[in-house]
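Please look over the sequence and the structure shown below before reading on. The report that follows takes up the cores, a sheet and some points of backbone geometry.

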Amino acid sequence: DEALHVYWSKRTTRTPIAKLCKAADTPLRWAIIGGSTSAATQTLVALAGEVSTRKGVRKASRGKERQEVQTTLSQWIDVTKSAPASYDLALGCLAAAHVLGSLGGVLSPMLGWKLLDVLAETARHAASWNLGADAEPEHLVAVQMLAGELPLTLAYLFSEMAPLERGARPASDLVANSILELLNGEGLPRAAQLPVLRPLVACWTRCRAISKAFKPAAMEKKAQRQYRCLVRQSLRWTAPDGMPLFSGDGGEAWPKDFLRAALLLGGTAKDTASARRLLGKKVAGGSSSEGKASDASYDCEWSCLTVMRSGWSPYDAVVAVDYSTPQMRLEVWAGKRRMFGGAVGAESRIDGEPLRPTGKWEQSCWFTDKDVDYLELALPLQNGARLERQILLARREGFLLMADHLQNVETATLEHAVQIPLGAGLLFCGEGETRDALLVDGEPLARILPLALPEWRIDPRMGELSYSGGEVRLVQRASGRSMACPLLVDLRRDRTASQSTWRQLTVAEDLQIQPADVAVSYRIQSGDDQWVYYRSQGPRGNRTFMGQNTSSECMIARFKSPSGEIDELLEIEG
């Protein structure tokens, strides 16, 4: 006891990690995985927040408060003895380390030493774990915290202890190698790890702060570059309300101190400008001048993830796509409102027989410019059939086009249905005489047009657009070798009160009208704006529609009336 008293009284206390991160109280509150922390761990995290300031340390050093701290730590040590390796254990260990760094001299000597011993042993055992990139996302975060962040934290806080200080280098290397292994080279993980993107950013941000302040833990430059890319991707995958995309209603908006720490430690001037436009100056901070923002849209075939953005304003349109599994996930925002969000269901039938996927989505095309973001995917089905899906965000025109193309090897009766979950709180209001519908929340926000169906409900043969169980459902039927099922969502609320209409156009080749399983074309009008969409359903040919001539596979354009001229938004030559 006497030796330990001398040690605690003589040692130089390190700058708290909360201060390194410029956190409001404790950076351990950043991006906590909901539902994965026990009451004991939550108490420890709260305690770490209380003692992150000098005032909190003084308060916790007094009589009753001091005894409560010791009781809390003693109980946590007892629980930890039988605790499995988990995210809860990792967060508890880090909280205990932060508390020990601030209150080591206040605790009874044996309790402080016992706690330090438990933390050091846990870090030592965790160093041998190697779960790989295919591990459960939550377990990956736990490994980063236990095998990387924990030994870094102990080495920084107790650098005078040689065994702990020697752990800094391997821990820093583990974190650096993990950043390089788990990310695609431009800061994005695989789709399976997207749900824990923020917790990973939180862990690596704390590690980056330690490595910057503690020379033995300096992070290698390749990992630093990847961390900078990670900060940018984290912004791209942020919804207009500040929560992560695909988090539904269970996410958490960026804490101000977390975002600013990430931007300070890894962001560029462009990233700061992007964050300020998306989340506001009060959250993102940065200089008063508004510089050029980073590119908003991004696609990665390795990650099976695509995000389309018409800009960085929270009122701009956002379309996020996760095509890592046959049941694609889609999230659509416009006007700071979630329009769609969730798993997109699809049911395909040939002559009444259902078709199951025989593989995964394969990317056929990705294109982005000032006018559009465009993604095309293909999914193999049974019996040689194939489902192709086009997703286009017209950035300036303000509409989303999602078109499924069911293709078969021979002529048959084709049926296809697609279900898209509607955003919470939105109402689907179908028109009385026509097949289009409004999405309403107190006022009309968007309009949906099923382009391949007749506009007037009096003709029921080809299918229907409806709403059931929280999902918008499009059903279509046709005979042939292929069938197009396009949906156009007009995301501009200022056009919802205007007249809208659409027509299936005649497509001709060598003066012969072509059937719909050879090529399709549609003309769409919303208010004063008009567009035209053409898609070849098989081999390309030199064809005409509405006075236009093309040999391309696909064309989407703005139509100028009455001149009949078009401004191409997208052309795919094939």
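Leaving aside its neighbours within four places in sequence, which residues is F158 in contact with?

## Nonpolar cores

In this predicted model, F158 is in contact with Y7, W8, R11, L100, G101, L116 and L164, once its neighbours within four places in sequence are set aside. F158 belongs to the largest nonpolar core, which has 113 residues, and together with W204 and W237 it touches the most other members. Helix α8 (residues 137–157) supplies the largest share of this core, namely 13 residues.

## An open antiparallel sheet

Five strands, in the order β17-β20-β21-β24-β25, make up an open sheet with antiparallel pairing. Its edges are β17 (500–504) and β25 (566–572), each of which pairs on one side only, and the twist from one strand to the next averages 15°.

The antiparallel pairing of β17 with β20 (residues 519–526) runs over five bridges, and T501 stands opposite Q525 in β20.

## Backbone geometry in loops

The loop between β24 (554–559) and β25 holds P562, and the peptide bond that leads from S561 to P562 is cis, with omega near 10°.

Two residues other than glycine have a positive phi: for C304 the value is about 60°, and for M546 it is near 50°. C304 is placed in the loop between β1 (298–300) and β2 (305–309), and it counts as buried because its relative accessibility is 19%, under the 20% limit. M546, in the loop between β22 (543–545) and β23 (548–550), is partly exposed, with a relative accessible area of 24%.

Definitions and conventions: Residues numbered from 1 in each chain as written. Predicted model: local features only at pLDDT ≥ 70, side-chain atom pairs only at ≥ 80, totals over all residues. Heavy atoms only, no water. Pairing = 2+ DSSP bridges. Helix = DSSP H or I, 4+ residues; strand = E, 2+ residues; numbered from the N terminus. Axes fitted to C-alpha atoms, helices over the stretch in contact; angles between N-to-C directions. Core = buried A, V, L, I, M, F, W, Y, C linked by side-chain atoms within 4.5 Å. Buried < 20%, exposed > 50% of the residue type's maximum accessible area, 1.4 Å probe, protein only. Contact = heavy atoms within 4.5 Å.
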